[in-house]
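Subject: Structure handover

Hello,

Here is the structure I promised to pass on. Please open it first, then read my notes below.

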Amino acid sequence: MLHTYFELGETLEELWISYNLIEKLKGVQSMKKLRVFYMSNNLVKDWVEFVRLADLPCLADLVFVGNPLEEKHSAEGTWMDEASKRLPNLRKLDGTPIIKQEEEEADGES
(Lines give C-alpha, C1' and ligand atoms only; values in the text may rest on other atoms or scores of the structure.)
Protein backbone atom coordinates (compact mmCIF):
# COMPACT_ATOMS: atom_id res chain seq x y z
CA MET A 1 0.00 0.00 0.00
CA LEU A 2 2.82 2.44 0.83
CA HIS A 3 4.25 1.84 -2.65
CA THR A 4 0.95 3.05 -4.17
CA TYR A 5 1.14 6.33 -2.23
CA PHE A 6 4.72 6.86 -3.34
CA GLU A 7 3.75 6.42 -7.00
CA LEU A 8 0.83 8.80 -6.55
CA GLY A 9 3.14 11.40 -5.05
CA GLU A 10 5.41 11.14 -8.08
CA THR A 11 2.60 11.82 -10.59
CA LEU A 12 -0.30 13.69 -8.93
CA GLU A 13 -0.72 17.21 -10.36
CA GLU A 14 -4.04 18.29 -8.81
CA LEU A 15 -5.54 17.54 -5.41
CA TRP A 16 -8.93 18.80 -4.30
CA ILE A 17 -9.56 18.06 -0.61
CA SER A 18 -11.81 20.86 0.63
CA TYR A 19 -14.21 20.29 3.55
CA ASN A 20 -12.26 17.44 5.17
CA LEU A 21 -11.41 18.72 8.70
CA ILE A 22 -7.68 18.56 7.89
CA GLU A 23 -5.40 20.21 10.49
CA LYS A 24 -1.96 18.91 9.52
CA LEU A 25 -0.13 18.79 6.20
CA LYS A 26 2.55 16.30 7.19
CA GLY A 27 3.55 14.17 4.20
CA VAL A 28 2.45 16.67 1.57
CA GLN A 29 6.08 17.19 0.51
CA SER A 30 6.03 13.79 -1.25
CA MET A 31 3.76 15.24 -3.96
CA LYS A 32 6.53 16.82 -6.02
CA LYS A 33 4.42 17.30 -9.18
CA LEU A 34 1.46 18.95 -7.45
CA ARG A 35 0.50 22.16 -9.29
CA VAL A 36 -3.07 22.74 -8.08
CA PHE A 37 -4.07 22.23 -4.44
CA TYR A 38 -7.58 23.10 -3.34
CA MET A 39 -8.00 22.63 0.39
CA SER A 40 -10.52 25.26 1.42
CA ASN A 41 -12.62 24.97 4.55
CA ASN A 42 -10.34 22.73 6.54
CA LEU A 43 -8.79 23.30 9.97
CA VAL A 44 -5.20 24.45 9.33
CA LYS A 45 -4.49 27.14 11.89
CA ASP A 46 -0.75 27.81 11.99
CA TRP A 47 2.10 28.77 9.71
CA VAL A 48 4.15 25.69 10.67
CA GLU A 49 1.71 23.52 8.72
CA PHE A 50 1.26 26.03 5.90
CA VAL A 51 4.99 26.30 5.15
CA ARG A 52 5.12 22.56 4.44
CA LEU A 53 3.64 23.60 1.09
CA ALA A 54 6.91 25.37 0.27
CA ASP A 55 8.38 21.89 -0.32
CA LEU A 56 6.17 21.53 -3.41
CA PRO A 57 8.29 22.95 -6.25
CA CYS A 58 5.49 22.98 -8.86
CA LEU A 59 2.69 24.39 -6.70
CA ALA A 60 1.22 27.36 -8.55
CA ASP A 61 -2.48 27.48 -7.60
CA LEU A 62 -3.64 27.16 -3.98
CA VAL A 63 -7.11 27.60 -2.52
CA PHE A 64 -6.88 27.90 1.24
CA VAL A 65 -9.88 30.08 2.08
CA GLY A 66 -11.93 28.98 5.09
CA ASN A 67 -9.01 27.64 7.13
CA PRO A 68 -8.54 29.33 10.53
CA LEU A 69 -5.08 30.59 9.46
CA GLU A 70 -6.52 32.30 6.37
CA GLU A 71 -9.52 33.70 8.23
CA LYS A 72 -7.34 35.26 10.94
CA HIS A 73 -4.93 36.91 8.54
CA SER A 74 -7.62 37.98 6.06
CA ALA A 75 -9.38 39.77 8.93
CA GLU A 76 -6.07 41.53 9.67
CA GLY A 77 -5.56 42.34 5.98
CA THR A 78 -2.26 40.44 5.78
CA TRP A 79 -3.21 37.10 4.24
CA MET A 80 -2.10 37.57 0.62
CA ASP A 81 1.24 39.15 1.57
CA GLU A 82 2.10 36.67 4.31
CA ALA A 83 1.05 33.57 2.36
CA SER A 84 2.79 34.59 -0.88
CA LYS A 85 5.95 35.48 1.04
CA ARG A 86 6.06 31.94 2.45
CA LEU A 87 5.28 30.34 -0.94
CA PRO A 88 7.29 32.40 -3.42
CA ASN A 89 6.49 30.19 -6.46
CA LEU A 90 2.74 30.56 -6.04
CA ARG A 91 0.98 32.29 -8.95
CA LYS A 92 -2.60 32.18 -7.71
CA LEU A 93 -3.98 32.19 -4.16
CA ASP A 94 -7.67 31.72 -3.40
CA GLY A 95 -8.51 32.51 -7.02
CA THR A 96 -6.52 35.77 -7.07
CA PRO A 97 -3.38 36.11 -9.23
CA ILE A 98 -0.28 36.99 -7.23
CA ILE A 99 1.78 39.86 -8.63
CA LYS A 100 5.20 40.05 -7.07
CA GLN A 101 6.57 43.46 -6.12
CA GLU A 102 9.86 42.74 -7.93
CA GLU A 103 7.92 42.12 -11.15
CA GLU A 104 6.06 45.40 -10.72
CA GLU A 105 9.34 47.26 -10.17
CA ALA A 106 10.98 45.59 -13.19
CA ASP A 107 8.02 46.55 -15.37
CA GLY A 108 8.40 50.16 -14.24
CA GLU A 109 12.06 50.20 -15.27
CA SER A 110 11.39 48.99 -18.83
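How many residues apart are Lys72 and Glu76, and which helix do both lie in? They are 4 residues apart in helix α3, about one turn of the helix. One caution before the rest: this is a predicted model.

**Salt bridges**

Lys72 and Glu76 form a salt bridge. Their closest N and O atoms are 3.4 Å apart. Lys72 is partly exposed, with a relative accessible area of 47%. Glu76 also counts as partly exposed, at 47% relative accessibility.

Glu82 has a relative accessible area of 22%, so it is partly exposed. Arg86 is partly exposed too, with 26%.

Next, look at Arg35. It forms a salt bridge with Glu14, and the closest N and O atoms are 3.9 Å apart. Arg35 lies in the loop between β1 (14-16) and β2 (36-38), while Glu14 is in strand β1, so the pair ties together parts that are 21 residues apart in sequence. Arg35 counts as partly exposed at 36% relative accessibility. Glu14 is partly exposed as well, with a relative accessible area of 38%. The pair also belongs to a network: salt bridges link Glu13, Glu14 and Arg35.

In total, the structure holds 7 salt bridges.

**The nonpolar core**

Now to the inside. The largest nonpolar core has 24 residues. Those with the most contacts inside it are Phe37, Phe50, Leu53, Leu62, Phe64 and Trp79. Two elements give two or more residues to this core: α2 (47-50) and α4 (79-86).

Trp79 is then in contact with Trp47, Phe50, Phe64, Leu69, Glu70, His73, Ser74, Leu93 and Asp94.

**Aromatic rings**

The count comes to 6 aromatic pairs. Take Phe50 and Trp79. Their ring centres are 5.5 Å apart and their planes stand at 70°, so the pair is edge-to-face. Phe50 lies in helix α2 and Trp79 in helix α4, so the pair ties together parts that are 29 residues apart in sequence. Both Phe50 and Trp79 are buried.

Phe64 and Trp79 also form an aromatic pair, and this one is stacked. The distance is 5.8 Å centre to centre, with 20° between the planes. Phe64 sits in the loop between β3 (61-63) and α3, and Trp79 in helix α4, so this pair ties together parts that are 15 residues apart in sequence. Phe64 is buried, as is Trp79.

Ring pairs link Trp47, Phe50, Phe64 and Trp79 into a cluster.

**Glu70**

Which side chain of opposite charge is nearest to Glu70? It is Lys72, and it is 12 Å away.

What does Glu70 have around it, then? Its place is in helix α3 (residues 68-76). A polar atom of its side chain lies 2.9 Å from the backbone nitrogen of Gly66. A polar contact of 2.7 Å also joins the side chains of Glu70 and Ser74. Ser74 is found in helix α3 too. At 34% relative accessibility, Ser74 counts as partly exposed.

Beyond its neighbours within four places in sequence, Glu70 is in contact with Phe64, Val65, Trp79 and Asp94. Phe64 and Trp79 bring us back to the ring cluster.

**Where to look**

Finish with the network of Glu13, Glu14 and Arg35.

Best wishes

Terms used. Residues are numbered from 1 along each chain as its sequence is written. This is a predicted model: local features need pLDDT of at least 70, side-chain atom pairs count only at pLDDT 80 or more; totals for chains, interfaces and linings use all residues. Side-chain values use heavy atoms; hydrogens and water are left out. A nonpolar core is a set of buried Ala, Val, Leu, Ile, Met, Phe, Trp, Tyr and Cys residues joined through side-chain atoms within 4.5 Å. Buried means under 20% relative accessible area, exposed over 50%, partly exposed in between (1.4 Å probe, protein chains only). Contact means heavy atoms within 4.5 Å. Lys and Arg count as positive and Asp and Glu as negative; His and the chain ends are not counted. A salt bridge is a side-chain nitrogen of Lys or Arg within 4 Å of a carboxyl oxygen of Asp or Glu. A polar contact is a pair of N or O atoms within 3.5 Å; within protein, one must be able to donate a hydrogen and the other to accept it, and residues adjacent in sequence count only if both atoms are side-chain atoms. Rings of Phe, Tyr and Trp (its six-membered ring) pair if their centres lie within 6.5 Å; planes under 30 degrees apart count as stacked, over 60 as edge-to-face and the rest as tilted.
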